[in-house]
Amino acid sequence: MAPTISLRSICSTAATMAACLHLISPASAGSLAEPIMAVEPTPINAAQVTLQTSGWTGAYIGGSLGYTLLDGSTNGANLFGGSLDGASYGAHAGYNHGFGKVVVGGELQYEATDVQEGSSFLELDSVARAKVRVGYDFGKFLPYATAGVASAKVSSSSFAGTDTGALIGLGVDYQVGQNLILGAEVIKNQFDNFEDSNVDLEATDAALRLSFRF
């Protein structure tokens, strides 16, 4: 005689299978089925990084002590029979701004000199300069090139006055501390036909500089 399957036994079997399926479902698997959240990397602002690489941005003031050579010529002939020389000393103020590793700045400078020649009583009293500087940031070192205009005041028995000319030069600055800068600079100043006297003057200045940045 074939076994009889009752409706009650079928329902009981179905309920047992449903309970087993519920136990092994993803919802009951705990952390194994929890989704993993991806962490987005924080974007880096390139402009902020660029500003942090240059420590030369800011204003500064300082003084200088140097040595000046003065050459003069008229109609191609040497005016002094050689170069005149003497000490120079002065003050400067400027501002630098870093664009990545390139540092651009402007500077005003005034120097008095002891350069003089006895026979003609010629004296190079002072040189005032307005300069543009372009350098490269090597951390504590800043080598740079400079160019601009210069105004020289000359006293002489034959001609005297103030005239303007061009200048070019090279220099290097070194950060001794957070605000103290030690530097060296060589500048060539050219004054053609000084005060319409048919005299060309060339002043070359080499100086040590000490600056305070703020």
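Modeller: D163 is buried (under 20% relative accessible area, with exposed over 50% and partly exposed in between, 1.4 Å probe, protein chains only), yet it has no salt bridge. This is a predicted model, where local features need pLDDT of at least 70, side-chain atom pairs count only at pLDDT 80 or more, and totals for chains, interfaces and linings use all residues. Residues are numbered from 1 along each chain as its sequence is written, and side-chain values use heavy atoms, without hydrogens and water.

Biologist: How do you know that D163 has no salt bridge?

Modeller: A salt bridge needs a side-chain nitrogen of Lys or Arg within 4 Å of a carboxyl oxygen of Asp or Glu. The nearest side chain of opposite charge, R129, is 14 Å away. Therefore no salt bridge is counted for D163.

Biologist: What does the side chain of D163 reach?

Modeller: The backbone nitrogen of E195, at 2.8 Å. A polar contact is a pair of N or O atoms within 3.5 Å, one able to donate a hydrogen and the other to accept it. D163 is also in contact (heavy atoms within 4.5 Å) with residues including A150, F191 and N193.

Biologist: Why are β1 and β2 called paired?

Modeller: Because pairing takes at least two DSSP bridges, and β1 and β2 have 2. They run antiparallel, and T74 stands opposite A77. The two strands form a hairpin with 2 residues between them. In the turn, N75 has a positive phi of about 55°.

Biologist: Which other strands does β1 join?

Modeller: β3, through 13 bridges, and β9, through 14. Both pairings are antiparallel. S64 stands opposite G90 in β3, while Y60 has R213 as its bridge partner in β9.

Note on methods
Lys and Arg count as positive and Asp and Glu as negative; His and the chain ends are not counted. Helices (H or I, at least four residues) and strands (E, at least two) are DSSP runs, numbered from the N terminus. Lists of a residue's contacts leave out its neighbours within four places in sequence.
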